[in-house]
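Dear colleague,

Here is the structure for your files. My notes follow below it.

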Amino acid sequence: MEAKPDPWNTHEWYNRRLEIQPGKPQMQRYCIRCGRNFVDDLWCDERYAAHAAIFHFERLADEVTARWLIEPCPGTHLPSDDDDRKLLNDASRIEQSVNGSRSISAERPSSVTPISALRRRSG
């Protein structure tokens, strides 16, 4: 019996380390085939689906993250992903700072799987 491939490893990732907020490193993971984005928040040990804007990430709904994490790469951009990118996480708030810049403030929802647990699963 052949083992089922890990959906995460079916993507072709472009990785970029970022620090949008000082002291809070992140890793953007962008699949060059299907266009899905994930953010690994290295400072709080979690991974979530995201819409990448120019200077920030908008965290997508937990159900989008859960689905995208278990689905293999579709190999192409899916029109349904455009609808998914409109579903933002309730815990993610965009706050206007005094100087007009935008930043993401997010509480860790209980349904988010820590990156360390995802690494243990994928071997």
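Accessible areas here come from the Shrake-Rupley method with a 1.4 Å probe, and for residues only the protein chains shown count as cover. On that basis the protein exposes about 7600 Å², with carbon and sulfur atoms supplying 53% of it.

This is a predicted model, in which local features need pLDDT of at least 70, side-chain atom pairs count only at pLDDT 80 or more, and totals for chains, interfaces and linings use all residues. Residues are numbered from 1 along each chain as its sequence is written, and side-chain values use heavy atoms, with hydrogens and water left out.

Overall content. The protein has 3 helices and 7 strands, both taken as DSSP runs numbered from the N terminus (helices H or I, at least four residues; strands E, at least two). Read from the N terminus, the order is β-β-β-β-β-α-α-β-β-α.

An open sheet of 5 strands is ordered β1-β2-β3-β4-β5 with antiparallel pairing; two strands pair if DSSP finds at least two bridges between them. Its edge strands, each pairing on one side only, are β1 (13-21) and β5 (57-59). On average, neighbouring strands are turned by 40° against each other, direction ignored; axes are lines fitted to C-alpha atoms, for helices over the stretch in contact, and angles run from 0 to 180 degrees between N-to-C directions.

Strand by strand:
- β1 and β2 are joined by 7 bridges, with Leu-18 opposite Gln-26 in β2. Their hairpin has 2 residues between the strands, and Gly-23 in the turn has a positive phi of about 80°.
- β2 and β3 share 5 bridges, and Met-27 has Asp-40 in β3 as its bridge partner. In this hairpin 5 residues lie between the strands, and Gly-35 in the turn has a positive phi of about 85°.
- β3 (residues 37-41) and β4 (residues 46-52) are also joined by 5 bridges; Asp-41 stands opposite Glu-46 in β4.

Strand β2 (residues 24-31) has 6 of its 8 residues buried, so it is largely enclosed by the rest of the structure. Cys-31 is buried, at a relative accessible area of 0%.

Helix α1 (residues 62-70) lies across β3, β4 and β5, at about 105° to β4; contact means heavy atoms within 4.5 Å.

Disulfides. With a disulfide taken as a pair of cysteine sulfur atoms within 2.5 Å, the count is 0. Cys-31 is in none, the nearest cysteine sulfur being that of Cys-34, 3.6 Å away.

Regards

Terms used
Buried < 20%, exposed > 50% of the residue type's maximum accessible area, 1.4 Å probe, protein only.
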